[in-house]
Each structure stands twice: as C-alpha cells, then as structure tokens.
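Look over the sequence and the structure first.

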Amino acid sequence: MSEIPKAYEPRSVESKWYQFWLEHKCFIADPARVSEKRPAYSIVIPPPNVTGVLTLGHVLNNTVQDILARKARMDGKEVLWLPGTDHAGIATQTVVERTLKKAGEIKHRNDLGREKLLEKIWEWKEKHDGIIIQQLKRLGASCDWTRERFTMDPEYSRCVQKVFVDLYKKGLIYRGKRMVNWCPASLTALSDEEVVMKQQNGLLYYFRVEVAEDAGTFLTIATTRPETIPGDTAVAVNPRDPRYAQFIGKHVIRPLPAELPREQKLIPIIGDEHVDFEFGTGVLKVTPAHDKADFEIYQRLCEKIFKKNENDLLPDIRGPIEVIKADGTMSEAAGADLSGLDRFKARKVAGEKLAELGLLEREERYTNNVGFSERADVPVEPRLSEQWFLQYPSKSESRAVAAEGQMKFFPERWAKVYDHWMANLQDWCISRQLWWGHRIPVWTKIYRNELEMPEAIREAILHDAECSVSGLAGRSSYVRSERTVAETWTVWAATYFDEEAAALGRLGFTQDPDVLDTWFSAWLWPFATMGWTGNPETDSKNPELTAFYPTTDLVTGPDIIFFWVARMIMAGYEYTGQMPFRNVYFTGIIRDKQGRKMSKSLGNSPDPLDLIDTYGADALRFGVMRSAPLGQDVLFDEQHVELGRNFCNKLWNACRFRQMQGGETEGEIDPALLTSDDKWILLKLDLAIREISNSLLEYKFNEAAQALYRFFWSEFCDWYLEASKAVFFGNDLARKANTSSVLDFVLSNTLRLFHPFLPFITEELWRGLGYNEDLPTDQGGETIMFARWPQPFGDDFKGHYGLDESIVRFVDAKYELVSQGRNLRREGNISSSKKVTFVLKPAQELSADEAQVLKILLHAERLDIDSEFRPRKGTPAVRSPLGELYLPLEGLIDIAAEKGRLNKELSKIDAEIEKVKQKLGNPAFAQKVPPAVLEEHQHRLSEWEAKRKRVHDSLGALGES
C-alpha cells in the first residue's frame, strides 16, 4: 500500500499504468489458455484509416469495445481484442496527391506514374502510420497490440486475392457496364458510403420540345441539368397520364446540339409507369448515360423489346450517349456550343442556348440534394462505366442468421433494416480507378484467333476450367474468354500465384489497372486477421481461429451496416461456414449541442487529445459513455467531460478518506457491529451490482454509467460517507475498525465496477489502498484488470449480515428526514455558517448512535430528542415516519424581516403565475403553438404554483398566512 496523494494527476497515472500493462503483457491473448472453465471472448476493432487521427467517434466506439473487453477479463475469460488499420484507398491516395500538388511536384498523378506514386504513398504511410494507434493507447484501449494487422500486409493481401479468384471462379464476379457514382476529381467509381448528400440551391429549367409528327405541338420538360440534353435518347411519359398517353410512339425534336440535322435530333416518346405524374411537368427527358433512373428506364425498354421481339415498335432506339467525360468536361457529342466546357459552365451555356432558340419557357429557383465525393468534396456524376461487379454469396444464410435471432443486433430495430437491405440486394461494384489498394488479380490479352493461344489456355477455355501457364504443379489460373464480332478472342486469367502472374506477363497478358474497393478487403476482417488461409485442413489447426472465431461482439456505426456489417456476415458464411460475430452493437452518431454532426468545417469537433490533456482519459471516457443512450445519437457537451473529471476527483477523495482512517485493510466485518447505515450501503451495493451487470449484459452502457454515478456519488459519498463520520469521530475503536472494513468491502467492489469505464484511476487506487496484496496474481494481485467482477449477494450472505428491506426503509426515511431538515434551513434563509439546534419529537425509539448520525447529516450544533417538546407558534417543522423535526428560530433570524422578504417573493411568484395563466387562457396561443411549447408552459405553471405553496407555508410557520 502506498500513500494516495492529495490531488489526482491523470497524466502521470495514465502513462505509468499503460506502460505497466504493456510490460506485463496484460492485453495479450493466448489461445492455449482457452478452456471450458476459461471461455474465449473476442472482438475485432473496426480498422481506422491507417493515416487517420482520433475523433470523438473513435472515442465512443473504442471506449465501448474497451469496456466489453475489460469486463470479459474480469469475468475470467481469455480475451482477444484484435486491432489494426485500413489502407483506406481513396482517402489515402487523395491526401497524398493533394500534398504533392500543393508542393508543386505534380499536376496529375500520371506525371509520376503508378510505381512512383505508390512509393510516395508508402512513404506517407510509414510517416503517419501508428499515429491513431498511439492515440488509442492514450485513451486506454486494451488491444492485443502484438497482433496488430494492416489490410495491405502481405498475408492479408493474399487472403483478398484468394477470395477474389474464388468468387471469380464461381462466376459471382463479372465485368460489365453499369451506372456508378463517379468522382471527376479522383477519377474513380465510388461506393454509396463515399457519397455525402448536400443541399444545393440551383435552377429548374422549363424548356419546350416539338412533337415531330404534330407540327406546332410542344411538350414542356423540367430539368436541373440542361447540359445533358445532347445525351437524351428518349422522352418518357406515364402511359396512364391522360395528358400525354396519345403521344407515345411519336417523336420529339431534341434541341441540342443545335447544329445537328433534324433527322439526327429525333428521339422517341416512350411510356414508362415509373414516371412521376407530379414532378415537373410529367414529361421526363431520358439520359441513360448520366442518370441512374434514366438508365433503368432504358434497360426496361430494351428488355421489353427483346422479350416481345418487336424491334419495329422503336426502330430508332439508341444506346446511351456520353456527353460528360470522366474529368467532368463536356465531350464532342455534347455539340459545338458545349464541347470542352466544364459541366457547370456548360449548364449555364445550355440554358442560354435554349433561350436563344426560343425554347426556354422559364427558370425557377430549386433546392435539391446533390451527392458529393466525401474525400474530394466535388459533386459526383452518375456515369456508365465498365467495372467489376460481385453477385453476393451466401445470401440466404446471412439473412436468416439475424431473422432467426442467432445473431443479435443492439438496438434490435437494426435487424429489420438489415433484413430489408438483404431482401433487396444489388450487385456490388468492387473496382476503383485508383493505384493505392489491392490490384485486381486479373490479366487480359486479345488473341486474333484460337491458334495463337497456348494450348493450356485453349483447353481451359474449351472446358471452362483452370490451367497452369507457369508449369508449376499446384499453381493455376482461372480463365474466361469472350469472342468478338471481329472473330478475336479476349482472354481473362485470374490468379493469386506470383509464378502464374509472371508467366502470364511473359505471354503478353497485362494486369487490370484497377484496384478493389476498400470494403472488399474490410469484409474479410474478422477471419483474415486471424491467419485464415482458405485451406480447411490448415485452418482447422489454426489455434487463433479455433479459439476466437466466431468473434463475440462487433461495435460499429449504423451508417455502415450495409457497406461493412452485412458484407462481413456474407463473407463469414462463404469462407468459414459460420457467422463472424454473435452480437452487433450500433453506436449513435456524435453531434454537438445543436444536433449537428461533428465536422472540421463547422468547427464543432474538439480534439479528443486536447480533452485528455485537460481532463484525463478516464474523464473523457466516462463523460462520453454517460451521455450515450443505446441506439441514440450523442449530443456532446464538454461539460460532460468536466463532470467526468469531477467524478474521478470524487472517487480519488473518497479513497483518500478511507486511507486517512488507517487501520487494517479489508479486515473481517463483524455483523454485530454493523450500523443501519452500514447495512443500507451494503444493500445499495448489491442493487448497484445487479443493475450495472444487467445493463452491460444488455449493452446499455449509459444506464450502467448512470447507475455507477448514482450509487457512488449520491448513495455512497453524499450519504454513507457522511454518516460514517459519526463512527470515525467517536471513541469506539471496534466500531471504527468495523466501519473501515465495510468501507474497504464497498470500495473494493466499487473500484472493480468502475474499472471497465475508468481503467487508469481504478488501477492507481486499487494499488494505493492495497486491495491487491492478498489476491492471486491472475485474480487482481497484479492488476485490477483481472480482479473478479462483483457478484450479487446471495441469501446466505444477506442473512449472515442481517441485510433485509426493513433496513432500507428505515434508513431511507432517516435520510429523507435529513433532506427535509436541510430544506427547513434553506427556506428559512439561515446561513450555513450559523449554528443551529434541531429538535426531534420521535415517533419511535431512536438510539444515541442514530441521533448522532442525524446531527452530523443535519450539520447541526445540537440535536435534541424530546418526545414532550412543545414548539412555539410559528416554529418550522416537518413530519416523517421517524417523528416531527423542528427548527426553533430564536436568535437565528429577524422574523419581521423574514416575513417581509417572503411576502415580496410571494408577490413576484403571483405575477409570474398570472403571466403564464394569461398565455394559456389565450386561444390564439394555446391552439396554435406546438404541443411541446404548450406542455412547457403548463409545466412552468405547476412549478410556480408549487413554489407559491412553499413560500406560503413558510409564512404560515412564521405566524402569518
């Protein structure tokens, strides 16, 4: 045991104990220790960007994980919390390219070339890698850092390649032209998750098109993007719309490009039931190359024609026309007026051209949501692009595992959201036009005829099979081919073997330039991080996979339930035959006090490290968790962290108080010497253990934090510690020793309850109070981290120490009497520095010890117990089950002055009551304001009326009413 310093200094305590935990290998998991008596608990960290920095979102997510991991260790489980980082393809490459451009080293990545740019990115990664890991350590994250993984480690990359080739072989990966989100700045396809919707103010252009077969008849179309008119291939109306149904099958004259001859401007009017009657004019321009909905209309039309073999219905149907290039400038197909212009400049010019042609009816201000690239912060373009796509595997098992309740979602409502998405899966665009990431392991070559092909490849194509082009046993490529109209053969070969790749290169094959979507590596995270090879025999002998997979919990945000969670579940079933985790906990989103999402641009996102420097890591953890209800967003306020610091100080001072009493540490408790307050705090501890354990079991972390706060701050510090001073200020040594033992028992359990939330300060106090000294090394002797989690008291324990609910009722009544007595003093406007005497007229016999406790808690100079007391008229009093408590006012106040003060206060209260009543009685107010405002005013009236009664009663006590 060491002396606990007067003040708590978080920084020195935190660095000391984190280093201790690392040196003593407290976080390292050993699969050999897993047994029936010591079950495994495992959780994998959602990998942050490798060059990222700590945010409040990371604080919330990783504090939850740390609470789960530390609690599991205290439950006697073998815990693996596996950390790692993600290569974050587009984010990392964008940052590096931007840095190089700012330094004047490049204007475009092509200036460096692929290999040189990748060297620069690896240099950047090595320089910034580990920053967020060190920051997580400052937060107290108890990860097994010896197992840290990176999604582009060689072993992990091999897993990614194996999975790609396997899915390619199964026919689930294919190459096709589809509509994607395209970033004109980064020149890559984006996932929906990488697109942020922003409200934009723009214009809605109303323009006319003439019906070719009915000269002089015009249809009006509304669009926000007139620059795409040259790419229109049709005009669509709803066949049930009586205004336009008669025009289906005819044509309109497309106004742009203006220089084209009339016959090249004709586009058909088609019917499509998806056209909205209400939007715009009910006539829709169809631009299949630049709008997802338009492309779907085009596809439906093609399917209809193909199925019915009725090409004569629309003899002039055209394929998509690309008028906006990959870099966001207009193509030659956009026409002479627009070609080469930036898309937004072209929008203005197109509007002016329509006006010049006399076809622009009007422009209206219009507000809509536009998708922006999350990283490049430019509007994305819907674009038809040749990409690699994946048809999801193991869909039925992955959907059933949540629907049947085998995998639990917290909050439960996310299971329905997940099920809805699983029922409406669309193929996943897995390719990205980047250089940083896992390059797609497919090689391509065009052969003029079959005879040019090596025999191995020709045979593989013939039998739809694998072949070896390197000549090495056990090495193989999976080959596909496509024969073109020109009788040439395009051959694709997929392999993850280096020897095969080299052999394909010697044959003139070239590797696909694209990389895989970052999520394609992330969806393998739960098992690829544990050494999965894809070989069942090898994997069955892998101790990590055998012991720790499936993992126990996943903690993540609901915004990536589709992009990561669902995909991990499908990958888990496809490659391990099991679900990857048993429980999924979805955190809320951290917002500011105004409900806005935290962002650097708004300046409302404080640096967690600054908060740690100011308040301490434990304070930040506790402040965030106390304000994070299950399934709800977190409204962050720095005051919550300040409250966390105050709480840590309270815990520190309470433990110092115990140490200052001296005596034996954790001595035996004598039931015969227990006071009612001792028994009361033991029963409250039992209740707290039950509440906190159940809350953690149900993933209600803020409820656990609230229960901890209530028990320790209110019940233990405000009541029990103050009540114990009656013993410590007395002369009964045996009773002092017994109360010290009760304090030790409660604090020992309390520190363990707090440890998952407040790991640093609890470790310091655990050692400072000497609670580790008589414990086995693996049960709290070395560190509180392995001390056993407190268990609720059994009936034998309660019987032995005489703990029953009658004690709670008696002590609750005692403390309620104290609160009422303190209120008498407050309402009497009696300074706390004045010495007062209370008189208790008891309703039952009260021991001298109980009377002493009451006196101390009432902050009274004297407490008289007088069953015959006859108060003077006007003496303030309260009544309780313990009796009547009086506060004689003689010599304490100037009664006349106090009556004047109270009458003045009563007048103010009456004025406020009248003001609120007038508002509520005004129909113009009561019937028009929102229900919440009306309820607030009604509540305000109730509060003023209650306050009026208290003041009136105080006047009555002074002899005036």
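## Sheet and helices

Strand 30 and strand 31 (residues 883–886) form an antiparallel pair over 4 bridges. Two strands count as paired if DSSP finds at least two bridges between them. Helices (H or I, at least four residues) and strands (E, at least two) are DSSP runs, numbered from the N terminus. Ser880 has Gly883 in strand 31 as its bridge partner.

This is a predicted model: local features need pLDDT of at least 70, side-chain atom pairs count only at pLDDT 80 or more, and totals for chains, interfaces and linings use all residues. Residues are numbered from 1 along each chain as its sequence is written, and side-chain values use heavy atoms, with hydrogens and water left out.

The open sheet has 4 strands in the order 29-28-31-30, with mixed pairing. Strand 29 and strand 30 stand at the edges, each with a single partner strand, so one side of each has no neighbour in the sheet.

Two helices touch this sheet. Contact means heavy atoms within 4.5 Å. Angles run from 0 to 180 degrees between N-to-C directions, and axes are lines fitted to C-alpha atoms, for helices over the stretch in contact.

| Helix | Strands touched | Angle |
|---|---|---|
| Helix 28 (residues 848–857) | strand 28, strand 29 | about 140 degrees to strand 29 |

Elsewhere, helix 20 (residues 617–626) packs against helix 23 (residues 701–728) at about 115 degrees, with axes 8 Å apart. That makes helix 20 roughly perpendicular (65 to 115 degrees) to helix 23.

Definitions and conventions
Angles under 35 degrees count as roughly parallel, over 145 as roughly antiparallel, 65 to 115 as roughly perpendicular and the rest as oblique.
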